[in-house]
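Let us walk through this structure in short steps.

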Amino acid sequence: MSSSKDGKMIILSSPSGAGKTTLVKLIAEKKDYQISISHTTRSPRQNEKSGKDYYFTNEKNFKDLINKGEFLEHAKVFNNFYGTTLKPVKEKLDDGQNVIFDIDWQGAQQIKNKRLKYNLITFFLLPPSREVLFTRLSKRHMEDKIIVEERMKEFNKDVLHWTNYDYVVINDHLEKCLEKICELIESEDNEKKIKYDIQFIKDHVNKLIS
Ligand code: 5GP
């Protein structure tokens with residue numbers, strides 16, 4: 001049972017290109033949440049720093065961490081390994097700090113299944129349209145059209161995991177989406193769950209994958 005002093009866990013997942021990383025940073029700033037820093041075996045992108053964006057590591061070290069049981073969750077995403085170590089997360093939560101995670105659906109499912117004592121709220125983010133998604137991915141991977149194609153294909157599968165989340169939010173406008181997520185978190189804090197229109201989301205997902 002979570003004590004009233006414990007922090008809570010907020011998970012944001014989305015298919016690649018829905019704008020999740022930007023939102024996680026904005027939510028963390030606005031609500032003074034701690035962002036969980038993952039380990040990954042992928043190479044750093046320009047402007048990414050180890051210890052800030054990720055702990056960049058190699059496959060051997062990553063597997064050592066798995067074998068030592070250090071991960072709260074870990075998964076293979078787009079041919080690279082990603083994982084969240086338990087210790088820093090637990091320390092923050094026990095200290096009453098709220099922790100926000102930018103992780104994929106596999107990691108979200110693993111954390112849910114662990115049934116930790118801390119309160120957990122999960123969000124799944126959707127792009128407003130396939131066209132917007134394609135534009136975002138093309139800007140991010142300008143040098144590599146194959147990656148864009150792969151991620152568009154992956155999108156059709158990833159998006160189906162929306163059903164396992166507490167809330168699904170469409171990121172059609174960054175500020176509005178930020179406000180919506182903060183409003184939903186606050187309503188959970190006040191134990192007043194806001195219902196979202198599941199049929200609307202179903203229809204939106206069908207449009208996205210058709
Ligand atoms: P990127 O390489 O674009 O930073 O991230 C690729 C995907 O991996 C994103 O969906 C991101 O949310 C996810 N991801 C990042 N860190 C973790 C992690 O620690 N665990 C899991 N399961 N997924 C992660």
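A polar contact is a pair of N or O atoms within 3.5 Å; within protein, one must be able to donate a hydrogen and the other to accept it, and residues adjacent in sequence count only if both atoms are side-chain atoms. An N or O atom in the side chain of E73 is 2.8 Å from a nitrogen atom of the ligand. A polar side-chain atom of D104 lies 2.7 Å from a ligand nitrogen atom.

The model is predicted: local features need pLDDT of at least 70, side-chain atom pairs count only at pLDDT 80 or more, and totals for chains, interfaces and linings use all residues. Residues are numbered from 1 along each chain as its sequence is written, and side-chain values use heavy atoms, with hydrogens and water left out.

Now widen the view. The ligand is surrounded by 15 residues (a heavy atom within 4 Å). The closest are K20, R42, Y54, Y82 and D102. Five residues of this shell are nonpolar, four polar and six charged (Asp, Glu, Lys and Arg count as charged; Ala, Val, Leu, Ile, Met, Phe, Trp, Tyr, Cys and Pro as nonpolar; the others, Gly among them, as polar).

Finally, turn to G96. Its place is in the loop between helix 3 (86-94) and strand 7 (99-102). Helices (H or I, at least four residues) and strands (E, at least two) are DSSP runs, numbered from the N terminus. The C-alpha atoms of G96 and Y55 are separated by 24 Å, and these residues are 41 apart along the chain.
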